Amino acid sequence: MKHKENKTPEWYWVYGLHDAQIISVTTKESGWNPKDNCLILKLNCDGVVGDANIVEIRFFNFKILTNGLDINLLNGGWWLSDDLSEIDNRYLLELKFDTAKCNTQQLKLRFMRAEVIRA
């Protein structure tokens, strides 16, 4: 496996999203290509010390690698930390978050590209 380190994509939130509230999580699929999907996280970054102007992150051509994780647990939760790596021209995001009921969970997500919407 080809693994690239120390290369951060231009869209990445280099100053962090710790304490961002995850307002909602939704998925969209293309009607003509089931592999063309998108995971959308809407965020409230008012309390974030780092990248406080991010309102939405879209992960394209994603696959959730965490077995049995209900992505609805992200709704109303809190972003704790993340680790981003690039392997074989795909990204891997390991997101640690608290659910709305304060249970710490981890989401492993593989995707082709991301779009970050800033206010």
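Cys38 sits in the buried part of this protein, with a relative accessible area of 7%. Keep in mind as you look around that this is a predicted model. Cys38 has no disulfide partner: the nearest cysteine sulfur belongs to Cys45, and that one is 17 Å away. The protein itself has nine strands and zero helices, and its 119 residues give a radius of gyration of 14 Å, in agreement with what a compact globule would have.

**Cysteines**

- How many disulfides does a search of the whole structure find? The count is zero.
- A disulfide is a covalent bond between the sulfur atoms of two cysteines.
- To count as a disulfide here, two cysteine sulfur atoms must be within 2.5 Å, and the sulfur of Cys45, the nearest one to Cys38, is 17 Å off.
- Cys102 isn't in a disulfide either, with the nearest cysteine sulfur, again that of Cys45, 18 Å away.
- Buried or exposed, what is Cys102? Cys102 is exposed, at a relative accessible area of 59%, whereas Cys38 is buried at 7%.

**Overall build**

- The C-alpha trace spans about 35 × 30 × 25 Å along its principal axes.
- A compact globule with 119 residues would come out near 14 Å in radius of gyration, so the protein's own 14 Å agrees with that.
- Of the 119 residues, 39% count as buried.
- Take the contacts with a separation of 6 or more: 56% of them are between residues 24 or more positions apart.

**Surface and charge**

**Ser24, a residue in strand 2**

- Ser24 belongs to strand 2, which covers residues 21-29.
- With a relative accessible area of 19%, Ser24 is buried; the cut-off for buried is under 20%, so Ser24 falls on the buried side of it.
- Which residues does Ser24 touch, leaving aside its neighbours within four places in sequence? They are Ile40, Leu41, Lys42 and Asn75.
- Ser24 and Leu74 are 50 residues apart in sequence, yet their C-alpha atoms are 7.1 Å apart in space.

**Glu86, a residue in strand 6**

- Glu86 lies in strand 6 and is buried, with a relative accessible area of 10%.
- Glu86 and Ala20 are 66 residues apart in sequence, and 23 Å separates them in space, C-alpha to C-alpha.

**Residues in the loops**

- Asn67 is in the loop between strand 5 (63-64) and strand 6 (78-87), and is exposed at a relative accessible area of 77%.
- Asn67 and Leu107 are 40 residues apart in sequence, with 9.2 Å between their C-alpha atoms.
- Asp19 is in the loop between strand 1 (3-4) and strand 2, where it counts as partly exposed at 35% relative accessibility.
- The phi angle of Asp19 is near 80°, a positive value in a residue other than glycine.
- Asn89 is found in the loop between strand 6 and strand 7 (90-98), and counts as exposed at 53% relative accessibility.
- Asn89 also has a positive phi, near 60°, and is a residue other than glycine.

Note on methods
Residues are numbered from 1 along each chain as its sequence is written. This is a predicted model: local features need pLDDT of at least 70, side-chain atom pairs count only at pLDDT 80 or more; totals for chains, interfaces and linings use all residues. Side-chain values use heavy atoms; hydrogens and water are left out. Buried means under 20% relative accessible area, exposed over 50%, partly exposed in between (1.4 Å probe, protein chains only). Helices (H or I, at least four residues) and strands (E, at least two) are DSSP runs, numbered from the N terminus. The radius of gyration is taken over C-alpha atoms; the globule rule is 2.2 Å times the number of residues to the power 0.38. Contact means heavy atoms within 4.5 Å.
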